[in-house]
Amino acid sequence: MAKIYEILTVFKSVLVNMTRQGISQDDIIYIDIYREYMQMAQEGRKEADIRSFLSQKYKLSASTIQKAIKRLNQEYEL
């Protein structure tokens, strides 16, 4: 087991950079949703249908899905 201090020390530079760029660590829960969204979009499905499907699957509102997709699709400068 590792202490929180040790984990934060290892990932400090990444976490600091993310914070400066306005990226929330909470967005990690949307990674699978984003992946599914992109796959369905590439298959040619309508955006509203995708949001509706993911909303039901993950028990989140369609607007939450839309906001998460928008955030995860933003450019990030390393």
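## Overall architecture

Of the 78 residues in the chain, 18% are buried, in what should be read throughout as a predicted model. The secondary structure consists of 5 helices and 0 strands, so that, since helices and strands are taken as DSSP runs, the order along the sequence reads α-α-α-α-α.

The C-alpha trace spans about 45 × 30 × 20 Å along its principal axes, and the radius of gyration is 15 Å, whereas a compact globule of 78 residues would have a value near 12 Å. Among the contacts between residues at least 6 apart in sequence, 55% join residues that are at least 24 apart.

## Surface and charge

The accessible surface of the chain amounts to about 6,600 Å², and carbon and sulfur atoms account for 55% of that area.

In soluble globular proteins, nonpolar side chains tend to be buried together. In this chain, the largest nonpolar core has 10 residues, namely Y30, I33, Y34, Y37, M40, I50, L54, I65, A68 and I69. The elements that contribute two or more residues to this core are α3 (31–42), α4 and α5, and α3 gives the most, with 4 residues.

## K59, between α4 and α5

K59 is located in the loop between α4 (47–58) and α5, and its phi angle is near 55°, a positive value in a residue other than glycine. Is K59 buried or exposed? Its relative accessible area is 72%, and K59 is therefore classed as exposed, because the cut-off for that class is over 50%.

## T64, within α5

T64 has its place in helix α5, which covers residues 62–72. Its relative accessibility is 25%, and T64 therefore counts as partly exposed, because buried means under 20% and exposed means over 50%, with partly exposed in between.

T64 can also be placed relative to R51, which is 13 residues away along the chain: the C-alpha atoms of T64 and R51 are separated by 9.2 Å.

Conventions
Residues are numbered from 1 along each chain as its sequence is written. This is a predicted model: local features need pLDDT of at least 70, side-chain atom pairs count only at pLDDT 80 or more; totals for chains, interfaces and linings use all residues. Side-chain values use heavy atoms; hydrogens and water are left out. Buried means under 20% relative accessible area, exposed over 50%, partly exposed in between (1.4 Å probe, protein chains only). The radius of gyration is taken over C-alpha atoms; the globule rule is 2.2 Å times the number of residues to the power 0.38. Contact means heavy atoms within 4.5 Å. Accessible areas come from the Shrake-Rupley method with a 1.4 Å probe; for residues, only the protein chains shown count as cover. A nonpolar core is a set of buried Ala, Val, Leu, Ile, Met, Phe, Trp, Tyr and Cys residues joined through side-chain atoms within 4.5 Å.
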